[in-house]
Amino acid sequence: MTMRARALAVASRGHIVISRAPVGSLSIGSRIASNNAGQRQQHRRPSPGAQALDPHGARSFSVSHAVMAAPSAAAAAVKQAKKILTAEEAKEKMSPEEKLRLSRVRNIGIAAHIDSGKTTATERVLFYTGRIKAIHEVRGKDSVGAKMDSMDLEREKGITIQSAATFCDWTKNEDGEDVKYHFNLIDTPGHIDFTIEVERALRVLDGAVMILCAVSGVQSQTITVHRQMKRYDVPRISFINKMDRMGANPWKAVDQINSKLKIPAAAIQVPIGTENEFKGVVDLVKMEAVYNDGPRGIRIKTGPIPDELKELAEEKRQILVEKLADVDDEIAEIFLDEGDPTPEQIKAAIRRATTALKFTPVMMGSALADKMIQPMLDAVCDYLPNPADVTNEALDKTKGEKPTMLIPYNSLPFVGLAFKLEENPYGQLTYIRVYQGMLKKGTFLYNAKSDKRVRIPRIVRMHSNEMEDVTEVGAGEICAVFGVDCASGDTFTDGGLPYTMTTMYVPDAVMSLSIKPSASADADNFSKAMNRFQREDPTFRLHVDDESEETIISGMGELHLEIYVERLRREYKVACTTGQPRVSYRETITRKAEFDFLLKRQSGGPGDYARVAGWIEPSEDPDKNSWESRVVGGTIPDKYISACGKGFLEACEKGVLLGHRVIGAKMVITDGATHVTDSSDFAFNLAAQMAFRKTFPEAGGTVLEPLMKTNLVVPSEFQGAVLMLLTKRNGTINDTEVNGDDFTVLADCSLNSMFGFSTHLRAATQGKGEFSMEFSHYSPAPPHLQKELIAKYEAELEAKRTK
Ligand SMILES: Nc1nc2c(ncn2[C@@H]2O[C@H](COP(=O)(O)OP(=O)(O)OP(=O)(O)O)[C@@H](O)[C@H]2O)c(=O)[nH]1
């Protein structure tokens, strides 16, 4: 469609022009509320001290509803009677100071593919905002390491393992005036093994900077963080880093954001030179050249657009405006009138479209060469939402978990989410995002999950591994507290609100390892460490195998588990003996099989008697197990039916073939029988377990193995070698690409075939190849592997029996 046709199409939606007038008076936040919530038009928030709101009392924020669906008189009366405030009214009640405070706060994260330069960019942010006095590089020659990589392990390995929070103030010039913004910033790891860190950061942040490499463009982890940003509705600006690198091509990256991530994106800058000639950018909003000047590029200098770039800048500005017209009605109308939007209109449209998750503006620079970080900070202020712009909801426990809007208003009752736990020398540190109300030192809060009241003895603002004590923190901010016993994901309220917040998505573990302290004297420290790691990291799991009695840890990959073993050694002085890393297989059934099972045991006293009949079959959701009762005539009394279901689910925890978890199975119970004295919950639970285990082979029991989305980047000359490596591992190659001197392959490989891959890749590419893996899905393991695994498992069981 041509631009004009598109503009006409927008105009033909007719009433938009009419509807915008009244909506113009709404804050961007209200618009976002409507956009974010999609069809959830009834946003409500609790009035101070009051419980939940009447559904009829809330005002709709959707653009068309603001005009057409004025609240009925009856609804207005209900609202009056209950003194209910709508979200908008609550915002109206905010004092001008509070509104101003929030408009100057940005809670942002930096997320990207591994090694894109997140930590390097954050280091510049801290330097330019005056938080640190000198810049230290990741893996730099001075051996100091970047501020945000504060763990020794991070500095040694040059990777980020834990997300690190900091805060800083950025002073921005607005119409000749200096305006100070407060940033709460989280630098997240890029490696997929630490993905939970990205997940929990995005859960609580209002906006993000997505960094891309100018040479590699959109990479596998960029796609992962994109999915995560979508999951939590996080608006983003994009920053193409490494413009100084050979083969840098920002236009390809912009195209890939559009085509691979499917978010409308356009550059808002044009580079002045590339690779080692990269000097600065042309700002397409203001149409001026921007350069860094002074030591470490500390100053920003503007000037006229170089002659040779004038045409390109015009062309790219046109593309920017066209993209905006596709997602923003105001710019579309200007097009309809064949007008040229002003810089202010473009800027406002970028903000509207970005915060409404319809667009991402793309900037470019080089963190390592100290170029164009300051314009990125200005863009954070200009285009990313402040806490009042974002819709956050809690679930009202007294109303069937009905979503209830939270407002970052200091005088509302407190609601906050503990999103991350961390142990440090002073005790357990809990990171909290304050969604509503104020957090004050010495006050009591209520943990909505454990139902416990806790005192807040100490509040700090974190600056990587350093902290600053504060006495209170306002709504919409992020801070950390000491001395609070809770788990990651717990909701805190002031006790008056029956709210809980949804927690984050926790991916399944794909790899496990048996582990034990080498010296038995270390057992105490070992279990202390294990408790802590589990509390801090929901993707790190531990269980004791009841047959082998081994402690098994499981997690997101080899590196994830390796890091914990290393942390045990360094932080707890516990050396450990570990087994071979093992794949977390799954077991499933592939067809329906019937059962009629009688448990009848007599051992002196009262016996066990239970008969269960029915069938097992693959469940609708291949990741979940379910059960159903179709028992008629009370052949199994109600009180024993749930024991059957429980028994089935317990049996699924340990499959028949390998002892791994069963997924995708369903049990339907149709009939049974009881005995007057010998039937019990226990007997029916056991009977269902035994029936399932007995029927499993007949139902086509199969071993599933994790398939991993594997991304390899190697210098082009190793293309052949790397393809051979993948073929040997039966990898399915999905895509290949040449980016400058780099060759990229995307393949599906079974996790089992990838053990030791990094060593082989290193050898095949003279250490120049990189790869990352991410769990994709479970798929049936090849028959020979299934046979081998089952034989091994049976031999282990046999050995145990004869021991
Ligand atoms: N040429 C060039 N190299 C850069 C630039 N920014 C970062 N690097 C280098 O890229 C490597 C990775 O940088 P980091 O800042 O650790 O990247 P990261 O995204 O934080 O890494 P993870 O957190 O481990 O995913 C380091 O060697 C940096 O020096 C840049 O603008 N240009």
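User: How many bridges join β19 to β20?

Analyst: This is a predicted model. In it, β19 and β20 run antiparallel. The number of bridges joining β19 to β20 is five.

User: How many residues of β20 are buried?

Analyst: A residue needs 20 or more other C-beta atoms within 10 Å to be buried. β20 has five residues and is hardly covered. Its count of buried residues is zero.

User: What is the order of the strands in the open sheet of eight strands?

Analyst: The pairing in this sheet is antiparallel. The edge strands are β18 (452-455) and β20 (466-470), and each pairs on one side only. From one strand to the next, the twist averages 40°. The order is β18-β17-β23-β14-β15-β22-β19-β20.

User: Which residue in β22 is the bridge partner of arginine 458?

Analyst: Strand β19 covers residues 458-463, and three bridges join β19 to β22. The two strands run antiparallel. The partner of arginine 458 in β22 is phenylalanine 482.

User: Which residue in β22 stands opposite threonine 430?

Analyst: β15 also pairs with β22, in the antiparallel sense. That pairing has five bridges. Opposite threonine 430 stands valine 481.

User: Which residue of β23 is the bridge partner of glycine 416?

Analyst: Strand β14 (residues 415-424) pairs with strand β23 (residues 491-493). They run in the antiparallel sense, over three bridges. The bridge partner of glycine 416 is phenylalanine 492.

User: Which helix packs on the sheet, touching β14, β15 and β22?

Analyst: The helix spans residues 195-204. Its direction makes about 145° with that of β14. The helix is α10.

User: Why does leucine 497 count as buried?

Analyst: Leucine 497 is found in the loop between β23 and β24 (499-500). The cut-off for a buried residue is 20 or more other C-beta atoms within 10 Å. Leucine 497 counts as buried because its C-beta neighbours inside 10 Å number 27.

User: What distance separates the C-alpha atoms of leucine 497 and arginine 661?

Analyst: Along the chain, leucine 497 and arginine 661 are 164 residues apart. Their C-alpha atoms are separated by 39 Å.

User: Is α21 roughly parallel or roughly antiparallel to α22?

Analyst: The axes of helix α21 (residues 719-728) and helix α22 (residues 757-764) come within 10 Å and cross at roughly 155°. Angles over 145 degrees count as roughly antiparallel. So α21 is, relative to α22, roughly antiparallel.

User: How many nonpolar residues are in the contact of α21 with α22?

Analyst: α21 passes α22 in a right-handed crossing. α21 contributes Ala721, Val722 and Leu725, while α22 contributes His760, Leu761 and Ala764. The contact has one polar residue and no charged residues. The nonpolar residues number five.

User: What percentage of the residues in the protein is buried?

Analyst: The protein has 23 helices and 38 strands. Among its contacts with a separation of 6 or more, 73% come from residues 24 or more positions apart. Out of 803 residues, the buried share is 48%.

Definitions and conventions
Residues numbered from 1 in each chain as written. Predicted model: local features only at pLDDT ≥ 70, side-chain atom pairs only at ≥ 80, totals over all residues. Axes fitted to C-alpha atoms, helices over the stretch in contact; angles between N-to-C directions. Helix = DSSP H or I, 4+ residues; strand = E, 2+ residues; numbered from the N terminus. Parallel < 35°, antiparallel > 145°, perpendicular 65-115°, else oblique. Left-handed = near helix turned anticlockwise from the far one by under 90°. Contact = placed C-beta atoms within 7 Å. Nonpolar A, V, L, I, M, F, W, Y, C, P; charged D, E, K, R; others polar. Pairing = 2+ DSSP bridges. Buried ≥ 20, exposed ≤ 12 C-beta atoms within 10 Å, placed from the backbone.
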